[in-house]
Amino acid sequence: MPFTRLATATTPTCHLGLGLAAVARPGYINLGRDTDLGDNRSVDALRTRTHELLDAAYAQGVRYFDVARSYGRSEEFLADWLKTHPDIDDVVIGSKWGYTYTADWTTDAERHEVKDHSLQTYERQRAETDQLLGARLDLYQIHSLTPDSPALSDKELHARLAEAAAQGLTIGFSTSGPAQADTVRAALAVTVDGEPLFRTVQSTYNVLETSVGPALAEAHDAGLTVIVKEGMANGRLAAGQAPDAVRAIAEETGLGADAVALALVLRQPWAGVVLSGAATAGQLASNLHAAVVDLDENQLSRLAALAEEPGAYWERRGQLPWH
């Protein structure tokens, strides 16, 4: 598996990855984007910003980069960066299929992305991803599985994914919504010719939403690599928005609220890669400090008390505006 490359890395940041959801399209639901990105969100401006973030991440030891068909031009921007760095061969590249970007590079579209987990969408988007990333793609994930997704029961789709796996591509899935744990367990049961189909899972887990934790532990025990997304709860755990307890612990550690939030995730024994969704180089540097945050039992207890009921968490997330 490609993630074995990370096992030999010696930098403390090797288990922190960079996701490009927030910087490869002009609109997203993260809080604070008006300040982070400013008014110039042209294709060229965001390409330049993305490349600067990738440069900074790689220089600081980050070795996993995460994109998706629906993240605007994320695959294109990443592919451009890889072409300008042909000597870089120690990174792991993951993308996702299942959502189509429909915002036409605007921030006020009626719908920014459309979900479809059909075999036809897989075949179309697999070809699109292959055209951009080609052999550099290591991991292809079904984007945001939920318990009712047809991708959990589509045997023809499973067979095609297994074919891709036989050709060397790692197959995974991501989850979303209040029933993430149910989705993870259902996906663990998917097999092709008696063999598990999925080798990775990417789920939302953070100080405020911890409900999927036990299921991710089960996935880890079953041999899957666990990737954690939205460790910052779409900006709700950043300095200006973080609960008082997070800010107090940040003061105690001498680091940022973001570093504290991500450190909680990093210390989970099942967490293989924890994604930063930074939009600026300063945010990225602060996020990466999570690797050196040492939380004591009292601090962990105070953070645990902040967990919300999953339904309430996801309802609030669904109300976040596209900035």
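Reply: Helices and strands here are DSSP runs, counted from the N terminus; a helix has at least four residues and a strand at least two. Keep in mind that this is a predicted model.

Start with helix 4, which spans residues 74-83. Seven of its 10 residues are buried, so helix 4 is largely enclosed by the rest of the structure. The buried ones are Ser74, Glu75, Phe77, Leu78, Ala79, Trp81 and Leu82. What do they pack against? The buried residues of helix 4 meet helix 3 (43-59), strand 2 (64-66), strand 3 (92-97) and helix 5 (119-133).

Take the helix 5 side next. The axes of helix 4 and helix 5 are 9 Å apart, and the packing angle is about 25°. Angles under 35 degrees count as roughly parallel. Helix 4 and helix 5 are therefore roughly parallel to each other. Helix 4 brings Glu75, Glu76, Leu78, Ala79 and Leu82 to this contact, and helix 5 brings Glu128, Thr129, Leu132 and Leu133. Sorted by class, the contact holds five nonpolar residues, one polar and three charged.

Now zoom in on glutamate 75, a residue of helix 4. Its relative accessible area is 1%, so glutamate 75 is buried. The cut-off for buried is under 20%. Beyond its neighbours within four places in sequence, glutamate 75 is in contact with Val67, Ala68, Arg69, Ser95, Glu128, Thr129, Leu132 and Leu133. Of these, Glu128, Thr129, Leu132 and Leu133 belong to helix 5 and take part in its contact with helix 4.

In soluble globular proteins, nonpolar side chains tend to be buried together. The largest nonpolar core in this model has 90 residues. Leu78 is among those that touch the most other members, with Leu18, Phe65, Phe173, Phe198, Leu295 and Leu303. Helix 10 (residues 257-266) gives this core its largest share, eight residues. There is also a second, separate core of eight residues, which includes Tyr64, Ile227, Val273 and Leu275.

Apart from neighbours within four places in sequence, phenylalanine 173 is in contact with Gln141, Ile142, Leu145, Val184, Ala187, Phe198, Thr200, Val201, Gln202 and Leu224.

Histidine 143 lies in strand 6 (residues 139-145). Its relative accessibility is 7%, so histidine 143 counts as buried. Ala68, a contact of glutamate 75, is also touched by histidine 143. Other residues that histidine 143 touches include Ser70, Tyr71, Lys96, Trp97, Lys115, His117 and Ser174.

Angles over 145 degrees count as roughly antiparallel. Val246, Ala248, Ile249, Glu252 and Thr253 of helix 9 make the contact with Gln299, Arg302 and Leu303 of helix 12. By class, the residues of this contact are four nonpolar, two polar and two charged.

Setting aside neighbours within four places in sequence, glutamate 252 is in contact with Gln299 and Arg302. Glutamate 252 and leucine 295 are 43 residues apart along the chain, yet their C-alpha atoms are separated by 9.8 Å.

Asparagine 234 is in the loop between strand 11 (225-229) and helix 9. At 4% relative accessibility, asparagine 234 counts as buried. Most residues other than glycine have a negative phi. Asparagine 234 has a positive phi, near 55°. Aspartate 104 has a positive phi of about 55° too. Aspartate 104 lies in the loop between strand 4 (99-101) and strand 5 (113-115). Its relative accessibility is 67%, so aspartate 104 counts as exposed.

Terms used: Residues numbered from 1 in each chain as written. Predicted model: local features only at pLDDT ≥ 70, side-chain atom pairs only at ≥ 80, totals over all residues. Heavy atoms only, no water. Core = buried A, V, L, I, M, F, W, Y, C linked by side-chain atoms within 4.5 Å. Buried < 20%, exposed > 50% of the residue type's maximum accessible area, 1.4 Å probe, protein only. Contact = heavy atoms within 4.5 Å. Nonpolar A, V, L, I, M, F, W, Y, C, P; charged D, E, K, R; others polar. Axes fitted to C-alpha atoms, helices over the stretch in contact; angles between N-to-C directions. Parallel < 35°, antiparallel > 145°, perpendicular 65-115°, else oblique.
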